[in-house]
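Good morning, and thank you for coming. Please look at the sequence and structure on the screen while I speak.

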Amino acid sequence: MKRSGYKVEAVEFSYSYGGVPALKQVSFGVKQNSLFTIMGPTGSGKTTFLKALNRLNDLVDQTSRSGRLLLDGKDVYAKDVDVADLRRRVGMVFAMPTSLPMSIFENVAYGPRKRGVKSKAVLEETVEKALSAAALWDEVKDRLDMPAQRLSGGQQQRLAIARALAVQPEVLLLDEPTSGLDPVSTLRVEELMRQLAGSYTIIFVTHDPQQAARLDGEVAFLFMGELIELGTAREMFTRPRDKRTEDYITGKVG
Ligand code: ADP
Ligand code: MG
């Protein structure tokens with residue numbers, strides 16, 4: 001089924017808004033159960049890539065695309081793709097924690113409930129597993145009925161991750177998930193990503209080269225919609241091949 005061997009693969013994928021290109025023939029592959037970072041300055045097309053992959057851009061007017069975007073070797077834009085199923089398989093966490101105005105428990109149970117899980121025991125088990133995987137269980141297990149919005153920013157971001165994990169995704173997309181967090185919470189989320197990468201395929205978007213280096217996975221450097229460089233963090237940060245990569249990681253541009 002996976003002809004390429006990649007969990008996610010872009011093949012000369014381009015995406016435009018109103019005829020203006022945001023992604024220009026980008027090609028790269030993300031291995032299953034790995035941590036992959038997309039690094040680049042604002043406007044380089046990072047969010048566009050994530051939204052294209054789980055088709056959150058479907059309702060945006062006047063977009064066009066070419067090339068292919070594959071999940072398990074199958075184009076996510078193929079006619080027979082069930083978009084709801086695609087979004088279950090490819091979960092997304094946004095920059096700002098977005099807790100629903102309900103309890104911690106209900107925030108995590110929301111997705112499974114919507115997918116028809118009714119059993120209280122199953123929901124309790126699912127919620128505990130997801131909160132544990134998101135490294136939040138110990139902090140909240142005694143107050144699951146508390147409104148989620150009373151948690152700190154860092155906790156709410158881990159709650160958002162738990163909510164994404166609760167529907168058992170295969171791929172987790174994170175769009176600058178630590179941009180609103182303090183340095184300690186940021187490191188905590190990064191550590192969590194390295195752990196989760198054993199069980200999920202993680203695509204982590206950041207504008208921060210230091211964060212890409214700390215995450216220590218494979219890195220794609222996007223600049224003005226183009227893929228400039230692709231490699232492991234170690235390679236890219238010790239020996240960048242492209243001048244634009246070098247300028248970006250040394251803080252000369254972006
Ligand atoms: P990044 O996440 O790297 O900051 P984006 O993917 O958000 O980049 O944006 C890439 C380019 O596409 C930018 O020039 C941006 O203005 C444009 N763009 C993004 N979303 C839209 C939209 N809904 N309509 C029109 N242009 C958009
Ligand atoms: Mg963005």
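Which residue of β8 is the bridge partner of L172? The partner is I202. This is a predicted model, in which local features need pLDDT of at least 70 and side-chain atom pairs count only at pLDDT 80 or more, whereas totals for chains, interfaces and linings use all residues. Residues are numbered from 1 along each chain as its sequence is written, chains are lettered from A and ligands numbered from 1 in the order in which they are written, and side-chain values use heavy atoms, leaving out hydrogens and water.

Strand β7 (residues 171–175) and strand β8 (residues 201–206) pair in the parallel sense over 5 bridges; pairing requires at least two bridges found by DSSP. Strands are DSSP runs of E with at least two residues, and helices are runs of H or I with at least four, numbered from the N terminus. The open, mixed sheet has 6 strands in the order β6-β7-β8-β3-β9-β10. Its edge strands, β6 (90–93) and β10 (226–232), each pair on one side only.

I turn now to two helices. The axes of α4 (residues 120–133) and α6 (residues 153–165) come within 8 Å and cross at roughly 130 degrees. Axes are lines fitted to C-alpha atoms, for helices over the stretch in contact, and angles run from 0 to 180 degrees between N-to-C directions. Helix α4 is therefore oblique to α6, since angles under 35 degrees count as roughly parallel, over 145 as roughly antiparallel, 65 to 115 as roughly perpendicular and the rest as oblique. Contact, meaning heavy atoms within 4.5 Å, is made by A130, L131 and A133 of α4 with L159, A162 and L165 of α6.
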